[in-house]
Each structure stands twice: as C-alpha cells, then as structure tokens.
Amino acid sequence: MKYTITLLIVFLNFLCAYSQTEFLDSLYTVETSTHTYLKLNKKDSLQLDFYKPIGVVKKLPLLLYVHGGGFSGGVRDDSNTVQFATKMAEKGYAVASISYQLIMKKLGFGCATKTKEKIKAFNTAAEDISLAIKFILKNDNIFNIDEDKVVISGTSAGAEAVLHLAYVYENRILPRKFKLAGVIGLAGAITTLERIDSDKAIPTQLFHGTNDNLVPYHIAAHHYCSPSDKGYMMLYGSRAIADRLKGLGKPYYLFSINGGTHSWSGIPMSRCVSEVTDFLYNDVLNNAKRQTERTIGF
C-alpha cells in the first residue's frame with residue numbers, strides 16, 4: 001500500500017510538471033548579464049541588463065523594458081524592475097531593461113519646460129530604444145532573439161517613450177522590414193493619434209489610472225498645463241489610444257484603475273503580472289486579435 005501511494009505521488013508530480021505552459025507559468029531559473037549597447041563619448045555609455053531563462057536553446061521572444069522618471073531620473077535596475085524582469089524570464093521570455101539618455105535632468109519636465117524640449121526627450125528616448133533593439137538583434141550569438149517577437153514596454157516616461165516609438169517616431173535605425181510584435185504602456189501617452197492606422201497598429205496593452213494627475217488617461221494637456229505655459233502640449237492617453245485601435249478593429253488590452261492617480265504607473269509590474277502574461281501569450285504570441293477592457297476600483 002505504501003509503495004502504491006508513493007507511485008501515485010510521483011505520478012501526480014509528473015502530471016503537474018508537464019501540465020504547466022511555457023510563457024504562462026514559471027518554469028525556468030534565470031541568469032542575468034549586463035551589456036553596453038551604446039557609447040555616447042569617451043566617458044559615458046548606455047547599458048542594458050539582460051535576463052534569460054537558463055537551458056533554452058531556441059530563439060526567444062524579447063520583452064524590452066524602459067523605466068520611468070520624467071526623462072530626468074530613474075534606473076534600469078531598481079528592485080521593482082528586477083523582480084518583474086525575473087518573473088517574466090522565469091516564464092520563458094528574454095527581458096532587457098535598458099538605460100537611456102536622461103536629457104531632461106537639468107530642465108525638468110513640467111509646465112515651465114518648453115514643449116520642443118519635451119518632444120526632443122521623446123525622440124531621444126525612442127532612438128535609444130531603437131539602438132538597444134538593433135544591438136540585441138545584431139548580436140544573435142549572445143542574445144538569440146526571435147526578431148518577429150520583440151515587445152517594448154515602459155512605465156510613465158518610459159511608457160511615453162515606447163508608445164512614441166511604436167506610433168509616432170519616424171524610425172530610421174531599425175530595418176524597414178522590422179516590425180514590433182507589441183507594446184505595453186503603463187501610464188503613458190502620445191502626442192497624436194493620426195499616425196495610428198491599420199498598417200502601424202500592433203497588439204497594445206495599456207494600464208492607466210483614470211485620475212492620473214500628470215499623464216492624462218484620456219485627452220488633456222501634459223501635466224494639465226495651461227495654454228499660456230511654455231510646456232503646454234496635448235497628449236492622448238491610454239483611453240484615447242484604445243479607442244483609436246478599437247475603431248480600427250485592431251487588438252488592444254486596456255486595464256483602467258478607476259480613481260487611480262499617476263502613482264499607479266509602476267504598480268502593475270508587481271500586481272498585474274498575470275494580465276501582462278495573458279496579453280503576451282494570447283495577443284502577441286498566439287495572435288488572438290482580442291479587444292479587451294478591464295476596470296478595477298482604486
């Protein structure tokens with residue numbers, strides 16, 4: 001009887017191990033390495049931290065992450081980012097968390113900063129992200145990435161940067177045939193909806209608090225500046241982007257936090273990993289073509 005019970009336990013453990021699904025469940029241990037993807041000058045350079053599941057030899061989907069901080073602060077390896085990147089790599093994704101040029105460090109990013117300087121920050125960050133992707137794809141022997149499955153994600157300023165790259169920035173760095181597989185914005189916005197068309201639309205996941213006091217959830221001025229301010233600039237937030245994609249019949253996943261402020265920009269990285277995983281697995285990897293909306297209370 002004891003022998004039978006032991007065999008049953010072993011069999012059940014075997015079933016549990018093989019019932020797990022790659023890219024949905026945590027299956028792997030993770031190793032991390034740091035690489036310089038761009039030398040700015042003799043003293044300064046930009047790095048990325050690369051997280052990969054150990055023991056996987058096939059080409060991997062890439063989730064590239066861009067931190068927030070108003071284009072003036074933030075780091076690629078804070079504890080929240082490390083935890084998020086590790087969790088995603090455990091599921092089978094390669095993850096790259098990048099540094100980028102913080103050109104607003106001395107200018108700030110509020111209403112007193114000229115709009116053209118804000119646009120420059122968007123463009124500079126988008127260019128740096130493009131260069132990081134190019135570096136990763138070029139060094140296939142190191143990173144082993146499936147170039148058809150590159151997803152970019154970011155928080156706050158990082159979300160503005162990745163959404164800008166996906167939908168506004170005129171990219172001249174990556175090959176013309178290259179197309180992002182998806183984009184994830186956590187409290188982000190863009191300066192125009194006009195460039196989102198059927199050809200440019202990609203699976204898009206958006207997290208946003210409806211009462212965000214810095215980056216508008218729907219359509220409003222950046223930081224809610226007044227028209228007389230130097231930094232007055234209209235932005236189209238997650239609700240507006242989702243509505244545009246909905247009208248085009250393209251896939252999107254809008255996660256709204258009713259009453260949530262900008263403090264929610266980083267929270268989904270720890271509290272909504274299952275939603276991110278759901279989006280990546282179904283809408284990016286398996287082309288589910290869903291239009292999903294979820295709202296939770298703050």
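The model is predicted, with local features needing pLDDT of at least 70 and side-chain atom pairs counting only at pLDDT 80 or more, while totals for chains, interfaces and linings use all residues. Residues are numbered from 1 along each chain as its sequence is written, and side-chain values use heavy atoms, with hydrogens and water left out.

**Sheets**

Helices (H or I, at least four residues) and strands (E, at least two) are DSSP runs, numbered from the N terminus. Two strands pair if DSSP finds at least two bridges between them.

Strand 7 and strand 10 (residues 234–237) pair in the antiparallel sense over two bridges. They belong to an open sheet of three strands, ordered 7-10-9, with antiparallel pairing. Its edge strands, each pairing on one side only, are strand 7 (189–190) and strand 9 (219–221).

Another open sheet has nine strands in the order 1-2-4-3-5-6-8-11-12, with mixed pairing. Here the edges are strand 1 (30–39) and strand 12 (291–297), each of which pairs on one side only. Direction ignored, neighbouring strands of this sheet are turned by 15 degrees against each other on average. Strand 11 (residues 252–258) runs parallel to strand 12, joined by seven bridges; Ile 257 has Ile 296 of strand 12 as its bridge partner.

**Helices on the sheet**

Contact means heavy atoms within 4.5 Å. Axes are lines fitted to C-alpha atoms, for helices over the stretch in contact, and angles run from 0 to 180 degrees between N-to-C directions.

Helix 3 lies across strands 1, 2 (45–53), 3, 4 (94–98) and 5, running at about 120 degrees to strand 1. Helix 5 lies across strand 3, strand 5, strand 6 (182–186) and strand 8 (204–209), at about 135 degrees to strand 5.

How do these helices meet? The axes of helix 3 (residues 115–138) and helix 5 (residues 157–167) come within 8 Å and cross at roughly 75 degrees. Helix 3 and helix 5 are therefore roughly perpendicular to each other (angles of 65 to 115 degrees count as such, under 35 as roughly parallel, over 145 as roughly antiparallel and the rest as oblique). Residues of helix 3 including Phe 122 and Ile 129 meet residues of helix 5, among them Val 162 and Leu 165. By class, this contact has seven nonpolar, three polar and one charged residues. Ala, Val, Leu, Ile, Met, Phe, Trp, Tyr, Cys and Pro count as nonpolar, Asp, Glu, Lys and Arg as charged, and the others, Gly among them, as polar.

**Cavities and pockets**

On a 1 Å grid over the protein atoms alone, a cavity is a set of points where a 1.4 Å probe fits but cannot get out; a pocket is an open set with protein on both sides within 12 Å along at least five of seven lines, and lining residues have an atom within 4 Å of a point. Grid points are joined across faces, edges and corners, and a volume is the space filled by probe spheres set on the points.

| Space | Volume | Lining by class |
|---|---|---|
| Largest cavity | about 50 Å³ | seven nonpolar, one polar, no charged |
| Second largest cavity | about 40 Å³ | eight nonpolar, no polar, one charged |
| Largest pocket | about 450 Å³ | eight nonpolar, one polar, five charged |
| Second largest pocket | about 260 Å³ | seven nonpolar, three polar, four charged |

Strand 3 (60–66), strand 5 (145–155) and helix 8 (273–285) each supply at least two residues of the second largest cavity's lining.
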